[in-house]
Amino acid sequence: MNRRQARNEPSVSRRSFLGAVGVSGVAGLAGCGGGGGGGTPTGNSSVTGDTVTFGFNVARSGPFSTTGEEELRGHRLAVKHINEGGGWVSNRYFPRLGGDGLLGKTVEATVSDTESDPEVARSSAEAMIESDGAVVVSGGSTSDTGLVMQDVAAEMETIYMATMTHLNTLTGSDCNRWTFRELFNSHMTARALEPVLVEEYGEDVNFFQMFSQDEWGAGQRTLMKRHLTEAGWQPVGSLSAQLGTRDFDQYMPDIESADEDVLVLNLRGLDAANAVRAVRENFPDENVVIPLYTRAVAQTAGGAIEDVIGTIAWDPSIDTPLSEQFQSAFSKEYEGGTGSASSSIPSGPAHVAYTQTLQYAHAVARAGTFDPEEVIPALEDWEYGAGIGAQTMRACDHQSMRPVPIVRGRPGSQQDFGRYYDLIDTTREATYECSEGPAAACSLGGN
């Protein structure tokens with residue numbers, strides 16, 4: 001194979017923003033009856049009064065704020081549908097939700113900004129539970145913020161529904177019985193990409209990797225190396241990049257000297273966008289892979305993502321009745337709102353957040369209680385649909401076994417109306433047994 005063969009809003013604090021649950025949805029002050037009864041209610045307390053509070057802990061500032069805002073729109077829409085009907089509420093996968101609240105109570109929201117910082121995420125998650133009476137916490141726009149929220153969930157015995165947390169250990173060696181994840185993990189990303197990349201570029205391929213200097217970046221680099229090497233590819237080196245790097249030109253000489261056929265960028269957020277733009281400016285015909293794509297990366301990188309292959313949580317191009325129903329409800333809710341022209345087009349993070357919120361609410365409805373000791377088994381081994389094919393929230397590790405969408409970036413001239421990718425495949429080949437992969441290291445305990 002010839003080398004580089006071408007193929008063709010400002011921050012808002014938790015205290016100043018409580019209870020907004022949709023453009024036209026129910027509004028209320030979280031903590032004012034959300035946990036009910038005063039004091040410092042926790043997710044394991046009895047819920048009294050007419051309302052119940054869900055906590056949404058997302059990045060509203062920092063390098064992952066775009067993803068956090070997308071998650072929040074999905075969370076808000078789910079709360080509105082739980083209270084007022086619409087979307088997936090009352091469909092065959094969520095039949096116990098009637099659009100009239102949850103167990104006779106109106107759902108309210110408390111929202112916090114993690115600032116893309118793990119320690120801020122920890123303190124805000126604790127405050128949501130202790131002060132605002134949140135019975136569930138959802139969010140985690142990055143893996144490091146997700147890990148600390150997972151710890152808080154165990155410490156405070158409150159269910160945590162992880163959103164854009166991708167690190168293996170969340171449902172692997174660090175798993176706990178209070179945490180559930182809808183998004184696929186790093187192991188599933190590598191498994192899904194392997195056959196697609198071999199079909200795309202062949203078997204006799206040299207590849208070079210760049211990865212972020214954190215646990216997620218190093219782990220993703222290792223997994224991609226393992227799977228691609230097993231497929232017959234040859235690693236020709238790797239280099240790490242500090243989180244928050246703006247000038248990726250400094251790394252271009254290393255990439256140039258590696259003489260690779262394919263470059264794998266194990267980066268996320270602004271780092272991924274800045275890196276792929278620098279690569280395209282220096283090597284226009286480089287074959288690039290970004291294992292975990294998001295719309296935020298694509299929006300920022302623009303035309304630089306042309307022909308870049310990667311996995312995404314979900315995309316509007318997935319043509320199923322549930323996907324269409326979600327997209328229609330989302331667009332109707334946010335059409336004409338503030339933000340970019342594509343803000344009314346749902347993204348993968350919004351889809352994950354919407355799904356996770358309805359998953360929790362439906363488990364509560366099935367259990368007939370907010371007691372997490374009853375809600376946890378209701379979530380486990382539940383089979384459902386979210387518009388990408390059959391899914392199961394496994395009991396052994398609380399990881400959703402689900403298809404993984406794989407996409408190719410569009411040219412800049414074709415990126416309109418929130419469409420940045422073309423769908424290559426939605427594969428189930430990434431699933432694995434409880435005795436394999438990260439699940440083999442998971443011990444939930446307490447079940």
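Begin by selecting Cys396 and Cys434, whose link is left-handed, with -85 degrees about the S-S bond. Cys396 lies in the loop between strand E12 (390–393) and strand E13 (400–401), while Cys434 sits in the segment after E15, so the pair ties together parts that are 38 residues apart in sequence; helices (H or I, at least four residues) and strands (E, at least two) are DSSP runs, numbered from the N terminus. The sulfur atoms of Cys396 and Cys434 are 2.1 Å apart and form a disulfide, a term that stands for a pair of cysteine sulfur atoms within 2.5 Å.

Before going on, note that this is a predicted model, in which local features need pLDDT of at least 70 and side-chain atom pairs count only at pLDDT 80 or more, whereas totals for chains, interfaces and linings use all residues. Residues are numbered from 1 along each chain as its sequence is written, and side-chain values use heavy atoms, with hydrogens and water left out.

Now colour by accessibility: Cys396 is partly exposed at a relative accessible area of 25%, and Cys434 is partly exposed at 35%, where buried means under 20% relative accessible area, exposed over 50%, and partly exposed in between (1.4 Å probe, protein chains only).

Next, select Cys175 and Cys442, which form a disulfide with their sulfur atoms 2.1 Å apart. This pair links distant parts of the chain, 267 residues apart, with Cys175 in the loop between strand E4 (159–162) and strand E5 (179–181) and Cys442 in the segment after strand E15 (421–427). The link of Cys175 and Cys442 is right-handed, with 100 degrees about the S-S bond. Cys175 is buried at 9% relative accessible area, and Cys442 also counts as buried, at 12%.

Finally, show both links together: a search of the whole structure finds two disulfides, and their pattern is 1-4, 2-3, with bonded cysteines counted along the chain.
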